[in-house]
Structure formats: C-alpha cells, structure tokens
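Here are my notes from a first look around a structure that was new to me. Come along and look up each spot as I did.

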Amino acid sequence: MSPSSDSDDPRHPRCHTTADLSRAGWQKRYDAGKTGWDRGVPNPMLATWLSTGKLQPCDILVPGCGRGHEVIALTDAGFDVTAIDFADGAVQSLTDELKRRNLKAKVVQSDVFAFSQPRSFDAIYEQTSLCAIHPNQWQKYQQLLAGWLRAEGTLFAMFMQCDERDDPPYSCPLKTMQVLFSKPAWHWHDAIKQVEHPTGMHELACVLSRTNIDK
C-alpha cells in the first residue's frame, strides 16, 4: 500500500499481500481443496441466533457465501435468501445442493464490490466475506453493507480472529471492527460470543444494527 494519511487509521490497516484475490484465484483454492474456512456444516452460532429468535425469517443477504451451508440452513428455516460468491466452484456447489434439497434461494455469482440490488435487506449474515477481502478495502465494503441494509436492519457478523498474515483469512480484531463499524451508521448490541473454529482459530459473534440516521 502506498504511504498515505490512512496508513495509521484502524479503518485502513497497513497490509500488503501477494495473495491472488481474483475470481480465478479463489477458484484455484476450491480446485486444490484449500478451503480450510469451510466447516462442512453451518456455523453453530447461526443455530443459536435462530433458536433464540434473535434471527427470524426475513429478506436476508449472505455475501461471500462459499458452499453455502448457512444459506441452506436459512432457506430451510423460511428465509428469503440472496447469496453472493465469486468462485465458480462455490456457486455451483450451492446451486446443486439447493436443487437436491428442493430449496429455492437467489444465488448470484459476483464480486461483492460489483453487486447491486434495487431493494434493501432486513438482515445480512457476514461470516467469510470480510476476512477474505484485503483490509485496504474494508472501509469500502463496510459502506456497501450499510447501503444494502434497510434502516434499523441487522448485521449478524462472525469476525475471524487469527494471526496477522498477508493472505486470507485476514484477522478482524475487535477494536478494528469497532472503529470500522462505528457511529453514526452502526449500533453494537448484545454480548460478544467467541466461537471456536476447527482450524484452531476462532470467531467473534457480534450483532449490529444499521441506525436510522434520518430520525
């Protein structure tokens, strides 16, 4: 990253990468079986949010959905789901599984930065998208999330916690996230829960609301 006034801002972490974050690069990971972020089942925190009623059937977006275990679970629970992913392998796997289960969801193959939607969503489930995006683009991505959510809509986020590295998954430290998702656009609520990941890393489960700044 070129030196700039943003280099010491937590919203723009100082970070370089040699990782291939292109569509082809992500497809290579699927082809090589290098998908360690994929549990093979839905994140256990999703079941908690569903069982407690914190997350109820609504119009929900799942960016960077991967093979879409959470998309399947949400669709099966009665949600109107729109899912986005970049890689051919992820989109095809999810499309096939939805068809096999006779479930319907909107699956969009797109770079999240190119995704556009005429309507706003009631909720967004963010798990493996932010940590796959280079930190230099986090501020832009946060703005997209805010734009995709309706006023007072809810962001259900799993922020990955791992060692600092120059390729995905990028660690999403809590303090950095609190600056990135800050007032006046965002309101944090509920206790933050740690969720273990099979790789030895862990995630922080957080619930945020998109504030109605027009009030």
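Before I started, I settled one term: contact means heavy atoms within 4.5 Å. I also reminded myself that this is a predicted model, where local features need pLDDT of at least 70, side-chain atom pairs count only at pLDDT 80 or more, and totals for chains, interfaces and linings use all residues. Residues are numbered from 1 along each chain as its sequence is written, and side-chain values use heavy atoms, with hydrogens and water left out.

**Entry one: alanine 157.** I found alanine 157 in strand 5 (strands are DSSP runs of E, at least two residues, and helices are runs of H or I, at least four, numbered from the N terminus). Is alanine 157 buried or exposed? Its relative accessibility is 0%, so I noted it as buried (under 20% relative accessible area with a 1.4 Å probe, protein chains only; exposed is over 50%, partly exposed in between). Setting aside neighbours within four places in sequence, I listed Trp49, Glu126, Leu204, Ala205 and Cys206 as the contacts of alanine 157. I also looked up tyrosine 125, which is 32 residues from alanine 157 in sequence, with 6.1 Å between their C-alpha atoms.

**Entry two: helix 2.** An α-helix has 3.6 residues a turn, so residues three or four places apart point the same way.

Then I checked both ends. Asparagine 43 caps the N-terminal end of helix 2, with a side-chain oxygen 2.9 Å from the backbone nitrogen of methionine 45. After helix 2 comes glycine 53, with a positive phi near 80°.

I placed serine 209 in strand 7. Serine 209 counts as buried, at 16% relative accessibility. Leaving out residues up to four places away in sequence, I saw that serine 209 touches Gly153, Thr154, Ala185, Trp186, His187 and His189. The side chains of serine 209 and histidine 189 make a polar contact at 2.9 Å (a pair of N or O atoms within 3.5 Å; within protein, one must be able to donate a hydrogen and the other to accept it, and residues adjacent in sequence count only if both atoms are side-chain atoms).
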